[in-house]
Amino acid sequence: MQHALLASVFIIASCGLAYELVAAALASYLLGDSVTQFSTIIGAYLFAMGVGSWLSRYVGGNLVRRFIQIEMLVGVLGGFAAVGLFLAFAAQMGPFRVLLYLSVLAVGTLVGLEIPLVMRILKREVAFKELVSRVLAVDYLGALAVSVLFPLLLAPYLGLMRTGLLFGLLNVGVAVWALYLFRAQLPRSRDLYLAAGASVALLAGGLAVAGQVSDTAESWLYADEVIHMESSPYQRIVVTRWRDDIRLFLNQNLQFSSRDEYRYHEALVHPGLAALPGARRILVLGGGDGFAVREILRYPQIQSVTLVDLDPAMTRLFATAPLLTQLNGNALNDSRVTVVNADAAIWLEENGEAFDFVVVDFPDPSNFALGKLYSTGFYRLLARHLAPGGRIVVQATSPYYARRSYWTIVATLEAAGFRTAPYHALVPSFGEWGYVLAGREAPGLPTAYPEGLRFLTVAGTADLFRFPADMERLPVEPNRLNEQSLVRLFEQEWHGAAR
Amino acid sequence: MRRREFLGAAGALALAACAKGTRSLPPGELQGGNFALGHRLGQGDFPAAAEIRPVEVLIVGAGIAGLSAAWRLQRAGFEDFALLELEASPGGNSRYARSPVCAHPLGAHYLPLPNPEARAVRALLADLGVLKGDPWALKPEYDEAYLCHSPQERLYRFGVWQEGLVPHLGLAAGEREQMARFFARMADFKALGDSRGRTFALPLAYARPDASTAALDRLTLFDWLKAEGFDSPSLHWYLNYACRDDYGTDYRQVSAWAGIHYFAGRTGEGGLGAGDTVLTAPEGNGWIVRRLAERLPGRLHTGLAVHGLRQEEGRVHVDAWSENEGRSLRYQARQVIWAAPLFLLPRVAPQLPPDLAAAIAPLSHAPWLVASLHLAAPPEAGAGTPLAWDNVLYDSPGLGYVVATHQQIRRAPPGPTVLTYYRPLSGEDPRLARQRLLDTPREIWAEAILSDLGRAHRDIRSLTTRLDVFRHGHAMARPLPGFLDGARRARLARGWGRVRLAHADMSGMSLFEEANYWGVRAAEQLLREAGGRLAERLA
């Protein structure tokens, strides 16, 4: 009897760790940023286990009966957690993170109840010292077994959903086994037998259809049909299409919609470049989708465009996928364009080239590492690469949603020695968006644009440089490397806007 | 409890460690000074000099004091000098190491923005191009690349990283009030002084201790705190951390005057929003060493141990053992600047006057251990403030670690890095601690360091690919009560004939500003005596 229970501890421990790993791996897969996901999921799970252990003091009555009930509950809940979460994410039902942590907390709490209950059951037969040493030793062994199996066998061959379901079945198996072992202590337990049968059937059925579910579910993740999916070392790249609307998502964040990207990219490039008829050499930092390059190539006098983007997967995709090269006019394959896959700051430090026009299109300053790319230090570095009379344009987040952040970027460019001309444009997919034009001299406005623009007009350009009252300049400090005020502001403002 | 830790560790390592096993130690080396050579110095069993090298000025020791002296001589256009260093590389406490990932410090890792009175430091920084514009401005402008980037410091306590090093989360009733009162007292001390200077100036030579503040040098910081009614455990932890950090010495032993000086001594600020941010670089203060040593081709000789020093007939005879050549050399110098630790001088100079030897004798030095942890990736973020430059664990035997790649500007997610972990052996008698530092194998230290950091970073073992342990046997002079004794310090400042003393030991506080001051002062004295007026006086 004792050995049977210890064997079940081994299985329980395996299952407990498996649910945790499945949840963490699923969260990293869906949300990206695996370190954060693993860290927070495991933290929440361990906390919930603590809650479960503490709650175990309130579990009374027939302990064996309670134990079997809990095993079945853990089995079904833990087993289906991955499937349920995946479907919820795909179908965009409710706030995903809330569901994720609720399920982690629920499963963790139940798992936390298990070991204390087993110990109380075994207490009747074994001395405490022995009990603790044996139960915990077997507990650790079970955890070790799964921690080795999960990355080597389970995750790659079974997948997350099937792994979850399989361990659910094992958990219910422990319940069935306990039903058999303790049948003498469990009179009138027809309900338990029925529940066990139903749990087994449910999980087995789940296992049978899991393959189909996971095959179709990822395409639900996006409202539209997914036409490309890829994970690079830097990000998860997903391209979707619905009729003529093609969208790019990086780590689930929308980068462009083909319906209105022309507004964003025309506004990014032309107000600066159209005023520089002598511009020959252009530098683009970020912007691996090639749209900014497409706009730049409208000018016949351009001799060279250097695109520096971190992720080779991005530039490869936008240089080869037919649908996407059609969108960016095959810009990345133009003979005047050189694609460099490098970290922008390193490339700037190591190169001495000077440019007439520089497009800076980095992700928003949402953490300290990205915040450095919007600092006086970075802009001074950039200034060393600006030819006489040259201009820089910086995408500068939304002056409407993140007003103080936007004007901080303007103040930062000014503190780095630039004269600026801030402007904005409405891009329906993003909302009101902000840019900053900068140069050693005050940037002037263009008097003509290239043929074929759909958004900008010479007559309308002055309006872009006027800010309505709710986006007007605020007195803010520049973003210095030793303070990084921008990251703190950006966090406050977008956090506030999301609420 | 243990189950939780196990599960947590197993998962957090993103599964990799589980396959590898968790207890094996990363490879690495036990490094540090040439202790065998250092210890031979006093024994005199070196062969007679095989070659005589005449030189006008000889500087012994290429730490910050020696390098500053050389810098000052060169600044005045004086080039007839040589600089001898016992170790294989210059820099002393500011030495650094290179790695494929990033240069990293082996000791001192930052320089506070210098006070207005630290003229020599300011002139040096201006010369190196880091201080821009007027070096004597109240708040000069500094090169942003060297100002420590934000987030600068964080403290791990109660499972959360708090921003800054002063504990402010989870304080008990009354602690916050005591913190406020303590810092108000320090602000008062900071403002203390008269028209000739501040009471707690830095360099110490400019300080004007009066009778009431001099009394602070008769008790320990701990006793002063007790007498002043400060009993907050968080405040006590923080002040002990500060004393161990700046002096390598427990606050139960540090002179209250020195402990207060840590807070009241520094007034340096930078313009353009720099505030009181410190100056740093991937290699800590090693960048200053590198830049100064680059200017000394042919003059800086490393691996040369001075084992004999005699003055006669208007010359100083300095015998040095060349580790590389396996022979002794004799330098015949008109003037010597002794910029090595003072305790070595009586060992190599039998003629040393007894009163000078007696002024040196009370000095004792704290041993330090500095570990370089090479990581495949930064440790997982944890709760609270993200990875900062300086990361400290509450109630740790160490002082936390600094991140060598912190000053980089990168778009890519953070990759491999080097953490420099600091631990002064401050809890025991320095002699015993030094013996323990020499006798303990690397594995023991590595295990202790990984366990310590493991409290905050469960993934540290799996991430660490290499762990080198660097030992500083006599890292820092310990400012014990009585260290301020004016007569003793004046005796040291007078030097010994043609041998001028220049080392942070002269102040009893192992600070960059002190080493720099004494080095520059010795060079200026020498230049003045050689005739001619100095164009400028920096010390």
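**A close look at one sheet**

Guide: Let's start with a pair of antiparallel strands in chain A: strand E2 (residues 236–242) and strand E3 (residues 245–250), joined by six bridges. Two strands count as paired if DSSP finds at least two bridges between them. Strands here are DSSP runs of E with at least two residues, helices are runs of H or I with at least four, and both are numbered from the N terminus. Before we go on, this is a predicted model, where local features need pLDDT of at least 70 and side-chain atom pairs count only at pLDDT 80 or more, while totals for chains, interfaces and linings use all residues. Residues are numbered from 1 along each chain as its sequence is written, chains are lettered from A and ligands numbered from 1 in the order in which they are written, and side-chain values use heavy atoms, with hydrogens and water left out.

E2 and E3 belong to an open sheet of four strands in chain A, ordered E1-E2-E3-E4, with antiparallel pairing. At its edges sit strand E1 (225–231) and strand E4 (253–257) of chain A, each pairing on one side only. On average, neighbouring strands in this sheet are turned by 20° against each other, direction ignored. In general, sheet strands pair through backbone hydrogen bonds, either parallel or antiparallel.

For the wider setting, the domain assignment, which is automatic or from a database, gives chain A domain 1 (2–220) and domain 2 (260–498). The C-alpha centres of these two domains of chain A lie 50 Å apart.

One last stop in chain A: helix H13 (residues 376–383) packs with helix H14 (residues 403–415) at an angle of about 50°, their axes 9 Å apart. H13(A) and H14(A) are therefore oblique to each other (under 35 degrees counts as roughly parallel, over 145 as roughly antiparallel, 65 to 115 as roughly perpendicular and the rest as oblique). Where they meet, A:Thr376, A:Tyr379 and A:Arg380 of H13(A) touch A:Ile409, A:Thr412, A:Leu413 and A:Ala415 of H14(A).

Conventions: Axes are lines fitted to C-alpha atoms, for helices over the stretch in contact, and angles run from 0 to 180 degrees between N-to-C directions. Contact means heavy atoms within 4.5 Å.
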